[in-house]
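Dear colleague,

Please find below the structure that I am handing over to you. My findings follow it, and I would be grateful if you read them with the model open.

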Amino acid sequence: MPYILIRGNLASYGHKNPWRVLVSGLKAEDIEQLNRFACGGYSDNSTIVYLQHPCVILSALEVLGYKVVASSSTAVKQDYNEYMWTMRKEFSEPEPSIIVEQDNITNFSKEAMHFHHSNKDDEV
C-alpha cells in the first residue's frame, strides 16, 4: 500500500513525554530508515509510535519519498492541536520481464506469418 497515515499533536504532552506520533502502514525498509528516531513501540500490528514532534517525522518521511496528500484536525476531545496526515509514496514501474518480451516476439512472429499467408492468397 503506497499510503500511510500519521497522527500527532502539535502541542507537547508534558515534560516526561513531550510528543507522540503514530505512523501506520510503513514498509519494513522505511521502518529501518526511521530507526534513528526514538520509538515508543507499537500501538497495534501496523502502527508505530515515535517520540518526536510530528514535523520531525513528516520531514523524515518526505526525505524517504512520501508526500502529504491530505491533512485534517481530528478535534479529539476538543483538542484542535491533534492532526492526521495522509502521505503517499510513488513507486517506479517495474521493468518488463524477459518472458513478457519473448511472448511479444512470439505473438509478432505469428501475426507476421498470418499476414504473409493472407497476402499469398490475394495473389492467386
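Glu-82 belongs to strand E6, which covers residues 82-89. Please keep in mind throughout that this is a predicted model. Is Glu-82 buried or exposed? Its relative accessibility is 8%, and because buried means under 20%, Glu-82 counts as buried. The side chain of Glu-82 makes a polar contact with the side chain of Asn-9, at 3.4 Å. A polar contact at 3.0 Å also links the side chain of Glu-82 to that of Arg-7.

**Arg-7**

Arg-7 is located in strand E1, residues 3-9. Its relative accessible area is 34%, so Arg-7 is classed as partly exposed. Which residues does Arg-7 touch, if those up to four places away in sequence are not counted? They are Arg-20, Val-21, Leu-22, Thr-74, Glu-82, Tyr-83, Met-84 and Trp-85. Arg-7 and Ser-24 are 17 residues apart along the chain, and their C-alpha atoms are separated by 8.7 Å.

**The sheet**

Strands E1 and E6 both take part in an open sheet of six strands, in the order E3-E4-E2-E1-E6-E5 and with antiparallel pairing. Strand E3 (39-44) and strand E5 (66-73) are the edge strands, as each pairs on one side only. Neighbouring strands of this sheet are turned against each other by 25 degrees on average, direction ignored.

The pairings can be followed strand by strand:

- E1 and strand E2 (residues 21-24) run antiparallel and are joined by four bridges. In this pairing, Gly-8 stands opposite Val-21 in E2.
- E1 and E6 also run antiparallel, with seven bridges between them. Here Ile-4 is placed opposite Met-87 in E6.
- E5 pairs with E6 in the antiparallel sense, over seven bridges. Ser-73 stands opposite Tyr-83 in E6.

Tyr-83 is also one of the residues that Arg-7 touches.

**The chain as a whole**

How many helices and strands does the protein chain contain? There are three helices and six strands, and along the sequence they follow the pattern β-β-α-β-β-α-β-β-α. The chain has 124 residues, of which buried residues make up 24%. Its accessible surface comes to about 9,000 Å², and 55% of this belongs to carbon and sulfur atoms. Among contacts between residues at least 6 apart in sequence, 51% join residues at least 24 apart.

**Cysteines**

A disulfide is a covalent bond between the sulfur atoms of two cysteines. How many disulfides are there, if a disulfide is taken as a pair of cysteine sulfur atoms within 2.5 Å? By this rule, the count is zero.

With kind regards

Key: Residues numbered from 1 in each chain as written. Predicted model: local features only at pLDDT ≥ 70, side-chain atom pairs only at ≥ 80, totals over all residues. Heavy atoms only, no water. Helix = DSSP H or I, 4+ residues; strand = E, 2+ residues; numbered from the N terminus. Buried < 20%, exposed > 50% of the residue type's maximum accessible area, 1.4 Å probe, protein only. Polar contact = N/O pair within 3.5 Å; in protein donor to acceptor, adjacent residues only side chain to side chain. Contact = heavy atoms within 4.5 Å. Areas by Shrake-Rupley, 256 points an atom, 1.4 Å probe, with all protein chains shown as cover. Pairing = 2+ DSSP bridges. Axes fitted to C-alpha atoms, helices over the stretch in contact; angles between N-to-C directions. Disulfide = S-S within 2.5 Å.
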